Amino acid sequence: MALLKKCFLSALGLLLAYYFYPATDSFRPEMLQGKRVIVTGASTGIGEQIAYHLARMGAHLVVTARTEAKLKKVISECLKLGAASAHFIPGTMEDLVFAEQVVTKAGKLMGGLDMLILNHIAPVNLRFFNGDVASIRKVMDINFFSYITMTSAALPMLKVTNGSIVVVSSIAGKLITPLIADYSAAKFALDGFYSSLQKELQLMNVNISITLCILGFINTDSAVKSLSGIVENITPSPKEECAVEIIKGGALRQKVIAYPSSIYISMWNPIRTIQEYFILLTYNIDNITRNQQFS
Ligand SMILES: NC(=O)C1=CN([C@@H]2O[C@H](COP(=O)(O)OP(=O)(O)OC[C@H]3O[C@@H](n4cnc5c(N)ncnc54)[C@H](OP(=O)(O)O)[C@@H]3O)[C@@H](O)[C@H]2O)C=CC1
Ligand SMILES: C[C@H](CCC(=O)NCC(=O)O)[C@H]1CC[C@H]2[C@@H]3C(=O)C[C@@H]4C[C@H](O)CC[C@]4(C)[C@H]3CC[C@]12C
């Protein structure tokens, strides 16, 4: 009985260490110096702050969103802050051809790619589902399929640089909340896709990291505005600090980060982790890796 208790406590300790290990330990801003980074949804909010922090760290930047005037201001600020270079490509991620072109154009502008930060979202309408399937499809194109399209276009460049993909997601992609069925569907889809891709890269020994960023309520103008009168008694966390944690997670090649750290607990699912481990044991890895190539 005592032995069983010891084993249980050690396993629990290991799981807790795995989930709560902080991303702050060995991060140095120089890690981003000269790195070539794409930031999507960078005209405002968290994406804008990510661009400013990367600029201070001396990265090469390509930023994208729809509003050209805002992007112009962002890149001029980035150059003042110390970016190695800064370019913008305006357009909508509803257009998947545009999504692909952003990656190829950015690769040409910067001479390669080290980090792809996928952050944009369609404006959120908090409302009951009203049967409008076309609008769900549009949200899925912007919030999900454009992410996959950009990832697919970036993989060859990221293979060369042993680069990183950073996916900005939400607690609403882990837990259920009402009024955001479309948004939540896209965030759950991102979680499923990128968590599976993480395992595939690991199986095929491809050294590209994927960091899933699980965020709680952040004080961006759009979030504060759309939640006003709907969600009460929660203080949003600062977007500036949130942006730093996202960059750190990517630079340290962490599989998952949570911000604010208080939301880690709601993601903690040891049964799932154990089940995933046992499911993987049933796979004939040798057979799969012999017969399939990672594109
Ligand atoms: N703020 C919060 O409370 C939380 C945010 N998150 C996540 O953080 C990320 C950033 O959120 P936040 O900063 O609040 O979002 P914002 O609404 O502030 O910014 C969204 C960005 O996406 C761009 N965008 C909107 N529509 C399109 C489109 N069709 N094509 C291309 N770009 C588009 C916007 O620029 P433009 O209009 O110029 O195109 C803007 O740059 C998102 O992934 C979100 O899910 C997660 C949890 C909580
Ligand atoms: C209500 C959720 C927060 C619950 C909580 O207690 N969190 C503790 C903490 O945050 O410290 C909100 C957390 C994430 C929000 C959603 C989100 O992902 C961003 C969207 C941004 C948009 O501009 C507004 C609506 C959002 C869908 C937003 C809705 C509320 C959250 C689920």
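Author: Phe144, Phe145, Phe193 and Tyr194 form one aromatic cluster. The model is predicted, so local features need pLDDT of at least 70 and side-chain atom pairs count only at pLDDT 80 or more, while totals for chains, interfaces and linings use all residues; side-chain values use heavy atoms, without hydrogens and water. Residues are numbered from 1 along each chain as its sequence is written, and chains are lettered from A and ligands numbered from 1 in the order in which they are written.

Rings of Phe, Tyr and Trp (its six-membered ring) pair if their centres lie within 6.5 Å; planes under 30 degrees apart are stacked, those over 60 are edge-to-face and the rest are tilted. Searching the whole structure gives four aromatic pairs. One of them joins Phe144 and Phe145, whose ring centres are 5.0 Å apart and whose planes stand at 70°, so this pair is edge-to-face. Phe144 is buried at 10%, whereas Phe145 is partly exposed at 38%. Tyr277 and Phe278 also make an edge-to-face pair, with 5.3 Å from centre to centre and 75° between the planes.

The charged contacts come next. A salt bridge requires a side-chain nitrogen of Lys or Arg within 4 Å of a carboxyl oxygen of Asp or Glu, and the whole structure holds eight of them. Among them is the bridge of Lys138 to Glu94, with 3.9 Å between the closest N and O atoms. Lys138 belongs to helix α5 and Glu94 to the loop between β3 and α4 (96–110), so this bridge ties together parts 44 residues apart in sequence. Lys138 is partly exposed at 41% relative accessible area, and Glu94 is partly exposed at 38%.

Another salt bridge links Glu77 and Lys80, at 3.9 Å from N to O. These two residues are three positions apart in helix α3 (residues 68–81), so about one helical turn separates them. Glu77 is partly exposed at 28%, but Lys80 is exposed at 67%. Arg28 and Glu30 form a further salt bridge, with the closest N and O atoms 4.0 Å apart. Arg28 is partly exposed, its relative accessible area being 45%, and Glu30 is partly exposed with a value of 45%.

As for the fold, helices (H or I, at least four residues) and strands (E, at least two) are DSSP runs numbered from the N terminus, and two strands pair when DSSP finds at least two bridges between them. Seven strands make an open sheet with parallel pairing, in the order β3-β2-β1-β4-β5-β6-β7. Its edges are β3 (85–90) and β7 (256–259), each pairing on one side only. Ignoring direction, neighbouring strands of the sheet are turned by 15° against each other on average. Strands β1 (residues 36–40) and β2 (residues 60–65) run parallel and are joined by five bridges, and Val37 faces Leu61 in β2.

Contact means heavy atoms within 4.5 Å; axes are lines fitted to C-alpha atoms, over the stretch in contact for helices, with angles from 0 to 180 degrees between N-to-C directions. Helix α5 (residues 133–161) lies across β1, β4 (115–118) and β5 (164–170), at about 160° to β4. Helix α6 (residues 181–203) packs on the sheet as well, touching β4, β5 and β6 (209–215), and its direction is at about 150° to that of β6.

Definitions and conventions. Buried means under 20% relative accessible area, exposed over 50%, partly exposed in between (1.4 Å probe, protein chains only).
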